Amino acid sequence: MSTSCGDFESINSFLSTRSYLVGYIPSSADSTLVAEIKSEPASDKYPHLARWYRHLVSFSGDEQSDFVKADLPSIGGSGPAKVNGASKVAPAGKDDDDDDDDDDVDLFGSDSEEDAAAEEEKQKRLKAYQEKKAKKPAVIAKSSIVLDVKPWDDETDMNEVEKMVRGIELEGLVWGASKLVAIGYGIKKLQIGCVVEDDKVGTDILEEKITGFEDHVQSMDVAAFQKI
């Protein structure tokens with residue numbers, strides 16, 4: 001499908017009564033068209049197309065890869081669009097055969113059964129999509145931190161300081177390598193690394209715990225901080 005101004009008008013009209021190109025949840029047809037359009041259409045000229053575009057680009061690449069597979073519908077013409085093998089007929093353009101099509105319309109038929117079936121299919125697809133998304137493992141944000149722990153004077157037992165610091169146990173905290181670094185006048189500071197889970201351990205609680213050894217620790221500084 002080429003995305004000329006004429007196409008934009010057809011797609012905008014098509015989306016005036018729809019949230020997505022096919023069915024009731026986003027599909028690969030939506031992501032395919034978004035990639036082809038490339039930039040947001042003018043909202044004053046194509047409000048429905050612009051609204052649809054903004055919504056679709058809010059999904060990440062990984063989320064779009066999980067969309068159900070679907071063919072691009074024939075917009076403004078006649079042709080079926082398929083989702084997981086189920087055919088959905090896109091709106092057909094008005095042609096010379098419209099009068100003949102009227103003979104096939106059941107004016108006394110009821111849409112209640114079709115509506116119920118459509119709603120049931122919608123709920124099935126939403127449930128399948130949500131279950132698939134829920135199975136994706138949650139990403140745990142972590143950071144690598146290097147701390148400088150400074151004693152009061154050169155008489156402080158830094159081996160004891162290190163034991164105290166490593167004795168701090170918190171969920172989401174793992175201590176790493178350490179070394180003593182000379183800072184002058186015979187005084188050495190403890191430089192120690194750790195890895196923390198961001199939503200469980202912050203530098204503020206580490207400082208509170210370490211400076212709590214007030215007989216041994218004068219201060220604690222963050223020497224390095226890097227997201228993993």
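**Figure 1. Helix H7 lies across the strands S3, S4, S5 and S6 of the predicted model.** Helix H7, residues 158-166, runs at about 15° to S5, the angle being taken between N-to-C directions on a scale from 0 to 180 degrees, with axes fitted as lines to C-alpha atoms and, for helices, over the stretch in contact. Helix H8 (residues 203-210) also packs on the sheet, where H8 touches S3, S4, S5 and S6 and has a direction that makes about 155° with that of S6. Residues are numbered from 1 along each chain as its sequence is written, and side-chain values use heavy atoms, with hydrogens and water left out.

**Figure 2. An open sheet of 4 strands, with antiparallel pairing, has the order S4-S5-S3-S6.** Strand S4 (173-184) and strand S6 (217-227) stand at the edges with a single partner strand each, so one side of each has no neighbour in the sheet. From one strand to the next, the twist averages 20°. Strand S3 (residues 142-151) and strand S5 (residues 187-197) pair in the antiparallel sense over 8 bridges, pairing being assigned if DSSP finds at least two bridges between two strands. Ser-143 stands opposite Val-196 in S5.

**Figure 3. Ile-168 lies in the loop between H7 and S4.** With 8% relative accessibility, Ile-168 counts as buried, a term that means under 20% relative accessible area, as against over 50% for exposed and partly exposed in between, with a 1.4 Å probe and protein chains only. Apart from neighbours within four places in sequence, Ile-168 is in contact with Leu-173, Trp-175, Lys-209, Ile-210 and Phe-213. The C-alpha atoms of Ile-168 and Leu-206 are separated by 8.6 Å, although the two residues are 38 residues apart along the chain.

**Figure 4. Glu-197, in strand S5, is a charged residue.** At 16% relative accessibility, Glu-197 counts as buried. When residues up to four places away in sequence are not counted, Glu-197 touches Ile-140, Ala-141, Lys-142 and Gly-172.

**Figure 5. The axes of helices H2 and H3 cross at roughly 105° and come within 10 Å.** The two helices are therefore roughly perpendicular to each other, the class for angles of 65 to 115 degrees, whereas angles under 35 count as roughly parallel, over 145 as roughly antiparallel and the rest as oblique. Asp-30, Leu-33, Val-34 and Ile-37 in H2 meet Leu-49, Trp-52, Tyr-53, Leu-56 and Val-57 in H3. The residues of this contact divide into 8 nonpolar, no polar and 1 charged.

**Figure 6. The largest nonpolar core has 23 residues.** Such a core is a set of buried Ala, Val, Leu, Ile, Met, Phe, Trp, Tyr and Cys residues joined through side-chain atoms within 4.5 Å. Leu-15, Leu-21, Ile-37, Leu-49, Trp-52 and Leu-56 touch the most other members, and the elements that give two or more residues to this core are helix H1 (5-14), helix H2 (28-37) and helix H3 (47-57). Another core, of 18 residues, lies apart from it and includes Val-149, Val-165, Ile-192 and Cys-194.

Key: This is a predicted model: local features need pLDDT of at least 70, side-chain atom pairs count only at pLDDT 80 or more; totals for chains, interfaces and linings use all residues. Contact means heavy atoms within 4.5 Å.
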